[in-house]
Amino acid sequence: MTRDGTTVGGVLRAALARRRRHVVRLLLWSFAETAPSFVSGLAVAHALDDGFAVGRPAVGFGWLCILTAAWLAAAIGARQVLLAIAGIVEPFRDDLLTRVVAGTLHRAAATGRGQDTAAVARLNRQVELARDAFAAVIAVVRSFAFSVTGVVLGVWSLMGSVLPLVLLPLLAGLALFVTSLPSMAARQRRAILAEEGTAASLAAMVDGLRDVRACGAEGRVAARVGRAVDEQAGAATGLARLTSVRTLSLAVGGWLPILLVLAATPSLVRDGATAGVVLGTLTYVAQSLTPALGSLVQGIGVNGVRLTVALERILTTGGNTTTLPAGRSPEAGPPRGTPRGTPRGTPRGGAVRMRGVTFAYGLGAEPVVAGLDLEVPDGEHLAVIGPSGIGKSTVAALAAGVLRPKEGRVLIGGVPVDTLGRAALSRTRVLIPQEAYVFRGTLGENLAYLADSPGSIELDAAVAAVGMTDLAARLGGYAAEVDPAALSQGERQLIALTRAYLSPARLVLLDEATCHLDPAAEARAEEAFARRDGTLIVVAHRLTSALRADRILVMDGSRAMSGTHAELMDASPLYRDLMGRWEAPAPA
Ligand SMILES: Nc1ncnc2c1ncn2[C@@H]1O[C@H](COP(=O)(O)OP(=O)(O)OP(=O)(O)O)[C@@H](O)[C@H]1O
């Protein structure tokens, strides 16, 4: 269930209720589509008993013609049924897609990051899956209901005493199937998550291939990807094992009735059953009941579970966040168990406090950050340094509320970050990542995006402070249209930095946001932010950034130590090592 109380069942019911006309059309045409289920056994029984068996072939053929007519009606009905199902599921798909895209655009604005197009593509795939699965579920459930009704009525009209031989095993097969559904859903969910886990770790590996080679971390990375692949294989095997239950329920519900009717034939005949009645009953079971049950078991077992899992993922991530691989979304409200008396409301200042923060990407993954305590008072300038891949960006994203910890708390201005709504969060902090986000529009629109309509004096002052006066002139001034693709990465960073400078947020987090600037431009931009009112956290690209900061957080594995330059030179071997390497002359 999502924060607004939306459930998977609720979404499906609403989709059906909104397309009532198509639902009625679907039900009416379903009579035609399932006409052979009503007619087949009766037609075969009468063709045999009243026609071929008593030397009246014309009567026999007459009944077979009725059966043919039922099949023709079914063909016409099938087309109309498909159109009616499309009338229900296509708008359903559009609604889901709107939810996903709206959620993503909102996040791009709130976090200052670009639109997560990969996540949209992933969710789009879930939307397509949900649409197809919903169509399949509607088709099989409806077809099963109509077919079973037709078979029950048909068998009843042939000979009422045969009905238990058909119905009891059917109910037993259905019960078996329904009992296995929860664990099937759980395994399907695990399989989907494992598949995504493999894709994510492969993508991370490919993205960081150069660093992996440079650090000689091939073995570690291969082990991590290997674990994801093993997990996926295990999940797929578990799922495959459970499909045997599906086969068993089909055997009990669909094939056992045939055996029972054949075994009971002598006593049925003694009770007055004709050859036509026995053949008609078998026709009903073999032609209608078994295929309908098979489709139901397959349809619900695969598509029903897929629909539930896909919809759950869309509802919990699509409308909220697609970029939080673990923990909770920024819009998801206070986590369960948030202590009573937790301070809420408007953050006072830009101080950051982290208490016992632990975070891992994905279930069962090693934590990147473990039990981190960090205090950044309002107005302080903190630099975060450490080896590549140690978790600096993760700490910045946690401090900004873009990622949510598995354990521990993050407060900005004394307020838990997970109690802040979207709007409050974007007024409170701004996070500029390495890949700066510039959109199509005028330069002025790009710069003023997070600010409250700044005047040209404010714009000029920010542009001058951050060091993009020349760039603004080169681009043709604030009214000039910007083409993001035509800008260099450094130019995009200058625009994003000035945008952050102009924002009302007291907390600014620069995550290697100056890495494409030359050292002088980087120093100028950082000094501008240091002079700006509020708190500054810089994930340092160059160690000179550390020397400009009031305090430095050195990350070393899942441990972290903070202090001034002098303190760390004294207390942190890693810091000394990093500084030593930076200051040491390059080998000849
Ligand atoms: N979305 C993600 N899914 C899975 N693992 C991730 C994800 N993002 C980062 N990681 C992993 O978490 C670890 C910490 O990454 P992070 O980007 O925080 O490190 P970093 O110190 O900022 O690295 P760098 O200096 O190279 O930017 C790395 O091992 C990285 O591969």
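I began with Arg548, which is partly exposed at 24% relative accessibility. My classes are buried for under 20% relative accessible area, exposed for over 50%, and partly exposed in between, using a 1.4 Å probe and protein chains only. The model is predicted, so I noted its terms: local features need pLDDT of at least 70, side-chain atom pairs count only at pLDDT 80 or more, and totals for chains, interfaces and linings use all residues. Residues are numbered from 1 along each chain as its sequence is written, and side-chain values use heavy atoms, with hydrogens and water left out.

**Salt bridges of Arg548**

I looked up the partners of Arg548 next. Arg548 forms a salt bridge with Glu526, with the closest N and O atoms 2.9 Å apart. For a salt bridge I require a side-chain nitrogen of Lys or Arg within 4 Å of a carboxyl oxygen of Asp or Glu. This pair links distant parts of the chain, as Glu526 is in helix α17 and Arg548 in helix α18, 22 residues apart. Helices here are DSSP runs (H or I, at least four residues; strands are E, at least two), numbered from the N terminus. Glu526 is buried, with a relative accessible area of 1%.

Glu522 also forms a salt bridge with Arg548, at 3.8 Å between the closest N and O atoms. Glu522 is buried at 0% relative accessibility.

**Other salt bridges**

I noted 19 salt bridges by this rule. One joins the side chains of Asp95 and Arg18, at 2.7 Å from N to O. That pair, too, links distant parts of the chain: Asp95 belongs to helix α4 (residues 57-111) and Arg18 to helix α1 (residues 8-18), 77 residues apart. Asp95 is partly exposed at 35% relative accessible area. I also recorded a salt-bridge network that links Glu90, Arg93, Asp94, Glu128, Arg131 and Asp132.

**Ligand site**

Which residues surround the ligand? I listed Arg224, Tyr361, Val368, Pro387, Ser388, Gly389, Ile390, Gly391, Lys392, Ser393, Thr394 and Glu512, taking residues with a heavy atom within 4 Å. Helix α11 (residues 392-399) gives the most to this shell, with 3 residues.

I then checked polar contacts, meaning pairs of N or O atoms within 3.5 Å; within protein, one must be able to donate a hydrogen and the other to accept it, and residues adjacent in sequence count only if both atoms are side-chain atoms. A side-chain N or O atom of Thr394 lies 2.5 Å from a ligand oxygen. For Gly389, a polar backbone atom is 2.8 Å from an oxygen of the ligand. For Gly391, the distance from a backbone N or O atom to a ligand oxygen is 2.9 Å. The ligand on its own has 630 Å² of accessible area, and the protein covers 67% of that. Accessible areas come from the Shrake-Rupley method with a 1.4 Å probe; for residues, only the protein chains shown count as cover.

I looked up Val221 in helix α8 (residues 218-263). Val221 is buried at 15% relative accessibility. Leaving out residues up to four places away in sequence, Val221 touches Met205 and Val212, contact meaning heavy atoms within 4.5 Å. The C-alpha atoms of Val221 and Met205 are 7.0 Å apart, with 16 residues of separation along the chain.

Val24 sits in helix α2 (residues 20-33) and is partly exposed at 46% relative accessible area.
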